[in-house]
Amino acid sequence: MQIAIMGAGAVGSYYGALLARAGHTVTLIGRAAHVEAMQSSGLSLETTSGRETFEVTASVHASALKDAELVLFCVKSTDTETAGALMAPKLSDTAVVLSLQNGVDNASRLAEVLGREVIPVVVYAAVAIVGPGHVRHHGRGELALGASAISARLAELFQNAGVSAEVSDNVTGMLWAKLVINCAWNAVSAITQQPYGALMAIDGVRALVLAVVAECQAVAQACAVTLPDDIEHSTLAIAESMAGQHSSTAQDLARARPSEIEHLNGFIVCQGQRHGIDTPFNHTLLVLVRALEQSRNTCDIPSV
């Protein structure tokens with residue numbers, strides 16, 4: 001297939017590399033330095049098995065989407081509408097669009113901009129950009145696709161590329177479950193600039209994580225969302241399954257880039273206010289990340 005990655009950061013580059021390895025024609029649209037490195041030397045994927053480099057097409061322009069049959073939309077939640085508007089006139093009428101983003105409402109927001117169906121995808125991958133043109137895999141990598149007429153065929157496409165993928169009839173619940181995990185870990189990792197495994201070894205972090213989870217559970221219930229019964233266990237388990245991973249929010253702050261905190265802990269705070277639920281732990285983490293963003297002069301770097 002002709003596959004395009006819109007917003008080729010860590011997640012998009014990781015899946016782009018796997019799809020290129022499987023023989024698909026992959027175009028990545030991202031930031032200038034990353035694009036220039038891929039244009040000159042290819043896309044390098046580092047895993048525990050070693051390092052591979054794949055030939056891909058790379059561009060900083062949304063016009064590179066024009067021949068795509070499948071688009072993986074991987075931009076930051078804060079840039080969904082802006083990037084969607086750039087993408088809309090470039091898409092073919094038959095292109096299929098997947099949202100591989102954090103947060104719970106990006107697919108619907110993007111669908112409204114594009115005027116077409118967008119399939120939400122839950123991503124469980126610990127990956128990071130370690131340099132221009134170079135993505136490193138730290139663990140996991142499975143996907144859960146929302147149900148649609150084409151989802152089963154897309155899941156098979158990912159499976160054939162070595163990605164564990166399934167179709168879920170409760171993708172909203174799964175997106176919320178991931179939101180809870182992100183709320184519990186992302187800000188703490190960002191504030192401390194520590195990976196999840198190291199954080200769990202600090203006295204008090206476990207209790208903090210569980211307090212954040214409890215607030216998220218209360219908000220989810222008020223929003224008529226059913227979270228998995230084992231959400232506390234699965235949130236704590238991240239410290240083992242992704243022990244060496246710094247959160248995406250930590251990576252954003254380290255690079256002085258805007259984070260998605262408003263769509264993570266900020267989303268829980270807003271929904272809590274709407275339903276009359278206090279969320280002091282989420283609010284504290286939100287404010288601290290906001291303060292760090294301001295102090296590091298986050299500025300004008302777009303997602304595409």
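Okay, so the second largest pocket here has a volume of about 210 Å³, and keep in mind that we're looking at a predicted model. Which residues sit nearest the centre of that pocket? They are Tyr124, Ala177, Ile181, Pro228 and Ser234, out of 15 residues in the lining. Helix H6 and helix H9, which runs over 231–241, each supply at least two of the lining residues. If you sort that lining by class, you get eight nonpolar, five polar and two charged residues.

Now let's go to the largest pocket. That one holds about 950 Å³ of space. Its lining has 43 residues, and the ones nearest the centre are Ala10, Val11, Lys76, Ser248 and Gln251. Several elements give two or more residues to this lining: helix H1 (10–21), helix H2 (32–41), strand E8, helix H6 (171–192) and helix H10 (248–254). Which of them gives the most? That's E8, with eight residues. By class, the lining splits into 20 nonpolar, 15 polar and eight charged residues.

If you're wondering about the pattern, an α-helix has 3.6 residues a turn, so residues three or four places apart point the same way.

H5 covers residues 151–160, and Ser151, Leu154, Ala155, Leu157 and Phe158 are buried in it. Down the axis of H5, the buried residues fall within an arc of 155°, so here too they line one face. On the face turned away from that buried side you'll find the exposed residues Ala152, Arg153 and Asn160. And just after H5, Gly162 takes a positive phi of about 85°.

Let me zoom in on one residue of H5, Ala155. Buried or exposed? At 4% relative accessibility, Ala155 counts as buried. Leaving out residues up to four places away in sequence, Ala155 touches Leu145, Ala165 and Val167. Also, Ala155 and Leu143 are twelve residues apart in sequence, and their C-alpha atoms are 8.3 Å apart in space.

Last topic: aromatic rings. A pair of aromatic rings is described by the distance of the centres and the angle of the planes. This structure holds three aromatic pairs, and I'll show you two of them.

One is Trp176 with Phe267, which is edge-to-face, with 5.7 Å centre to centre and 70° between the planes. Trp176 lies in H6 and Phe267 in helix H11 (residues 265–275), so the pair ties together parts that are 91 residues apart in sequence. Trp176 counts as buried, at 5% relative accessibility, and Phe267 counts as buried too, at 16%.

Another pair is Trp185 with Tyr196: the ring centres are 5.6 Å apart and the planes are at 50°, so this one is tilted. Trp185 is in H6 and Tyr196 is in helix H7 (residues 196–200), so the parts tied together are eleven residues apart in sequence. Trp185 is buried at 0% relative accessibility, and Tyr196 is buried as well, with a relative accessible area of 6%.

Key
Residues numbered from 1 in each chain as written. Predicted model: local features only at pLDDT ≥ 70, side-chain atom pairs only at ≥ 80, totals over all residues. Heavy atoms only, no water. Buried < 20%, exposed > 50% of the residue type's maximum accessible area, 1.4 Å probe, protein only. Helix = DSSP H or I, 4+ residues; strand = E, 2+ residues; numbered from the N terminus. Arc of directions from axis to C-beta. 1 Å grid on protein atoms, 1.4 Å probe; cavity = no way out; pocket = protein on both sides within 12 Å on 5 of 7 lines; lining within 4 Å. Points joined across faces, edges and corners; volume = space filled by probe spheres on them. Nonpolar A, V, L, I, M, F, W, Y, C, P; charged D, E, K, R; others polar. Phe/Tyr/Trp six-rings, centres within 6.5 Å; stacked < 30°, edge-to-face > 60°. Contact = heavy atoms within 4.5 Å.
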